[in-house]
Amino acid sequence: MNKLFKVTKRKDIPKIYSIVVPTLSILAALISGAFFMLFMGFNPIVIYKAMFTGSFGSFYGFMETLVKATPLMLSGLGVAIAFRMQLFNIGAQGQIYMGAFAASGVALFCNFIPDPLVLPAMFLAGFIVGGLWGLLPAIPRVFMNVSETITTLMLNYVAILWVDFLVYGSWKDPKGFNFPLTAMFKSSATLPVFVGTRVHMGLIVALIAMVILYIVFKKTSWGYQISVIGNSKRAAEYSGMNIKTNILLVMFVSGGLSGLAGMCEVSGVIGRLQHTIIPDIGYTAIIVAYLSKFNPISVVIVSILFGGMLTGGSAIQVLGLTSQVVNILQGSILFFVLGGEILTRYQISFKKEKKKEVSI
């Protein structure tokens, strides 16, 4: 007999799904990663234990996890605010690089700025330039209905190549033995760190951004407009909300937060602009935002977990397994989370001829 199926949107989604589905998605990703490790000839229990111990099993490991998590928090918050309004900003990586570029320009060439104002100027430059890089693809989206998914993705490569152009060219440190990096920033252009750690003040900035976004989403009319536009543009138009202005503003803020992530990385960790800043962190931020359901508090928590994965990736190399297994786990988590999201929002019904319909 011919089997048929149909997909229908669920009218009511139980609240418990928001906890159960992501949890099961992560568990499924870890299980699939375990099979990969077994295929490579490694014991997954040993590998996962080494990752956890290296990330959270010591004070040093946890501090390094926070260092890795800080740019994830900022870029994850940036992605979350855009995705909350159904704007698919895939350009966080490029916005990170442009924020790093702008902050580095202030640190290297704006010697007229008094030392106490250098860091505020770098924060401002990173946010504005990152925001403008996020705003750029929003303009054709608003006026020509061009999908921001492709334009934000392509602008990543433009931003990365622009930074390469500088560090291989006019900004390259003449005393850097021909390596693609700039001169070191002066002390007034580097973020303070907590004593005995590499954790810098960018973590505080990320937590402040989390609180601000939480208040915006829960307590302000703008946050309400973001949610309404994301859920139904027709309802937003009917209620008189200015969708075009909101798209431009949200994409600017989204890019600005990622720009802050780039600023914090060059000022708090690297101390200069160089060829590679934080590889693929902007793409990882997408996974973080999805897994957190675009909730600012959850973004911070998930960022710490993913920061732990990045730190643990270094720990497992002594066991002979490449740290790239972390990328595989991250990709698996995104795959299963998106799959779980589909099953949460939609109901798949299987039907047989002359028999009752069975739904899952």
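Q: Why is Ile19 called exposed?
A: In this predicted model, Ile19 has a relative accessible area of 57%. Exposed means over 50%. The value of 57% passes that cut-off, so Ile19 counts as exposed.

Q: Why is Asn145 called exposed?
A: The relative accessible area of Asn145 is 62%. The cut-off for exposed is over 50%, so Asn145 counts as exposed. Asn145 sits in the loop between α5 (115–144) and α6 (148–167).

Q: What makes the phi of Asn145 worth a remark?
A: Most residues other than glycine have a negative phi. Asn145 is not a glycine, yet its phi is positive, about 55 degrees.

Q: Why does Phe294 count as buried?
A: Phe294 has 14% relative accessibility. Buried means under 20%. The value of 14% falls under that cut-off, so Phe294 is buried.

Q: What is the volume of the largest pocket, and which residues are closest to its centre?
A: The largest pocket has a volume of about 920 Å³. It is lined by 28 residues, and the closest to its centre are Asn231, Lys293, Phe294, Glu341 and Arg345.

Q: Which helix gives the most to the lining of the largest pocket?
A: Helix α13 does, with five residues. Helices α1, α3 (59–84), α7 (202–219), α8 (221–231) and α13 each supply at least two. By class, the lining has 13 nonpolar, seven polar and eight charged residues.

Q: What lines the second largest pocket?
A: This pocket has a volume of about 460 Å³. It is lined by 21 residues, with Lys68, Ile278, Pro279, Ile281 and Leu310 nearest its centre. Helix α12 gives the most, with four residues. The classes are ten nonpolar, seven polar and four charged.

Q: How many cavities are counted, and what is the volume of the largest?
A: The count is one cavity of 30 Å³ or more. The largest cavity has a volume of about 50 Å³.

Q: What makes a cavity different from a pocket?
A: In a cavity, a 1.4 Å probe fits but cannot get out, whereas a pocket is open.

Q: How do you know which residues of the cavity lining are charged?
A: The lining of the largest cavity is Val21, Pro22, Ser25, Tyr290, Leu291, Lys293, Val337 and Glu341. Asp, Glu, Lys and Arg count as charged, so Lys293 and Glu341 are the charged ones.

Q: Which helix gives the most to the lining of the largest cavity?
A: Helix α1 does, with three residues. Helices α1 (17–39), α11 (281–291) and α13 (325–345) each supply at least two.

How values were computed. Residues numbered from 1 in each chain as written. Predicted model: local features only at pLDDT ≥ 70, side-chain atom pairs only at ≥ 80, totals over all residues. Heavy atoms only, no water. 1 Å grid on protein atoms, 1.4 Å probe; cavity = no way out; pocket = protein on both sides within 12 Å on 5 of 7 lines; lining within 4 Å. Points joined across faces, edges and corners; volume = space filled by probe spheres on them. Buried < 20%, exposed > 50% of the residue type's maximum accessible area, 1.4 Å probe, protein only.
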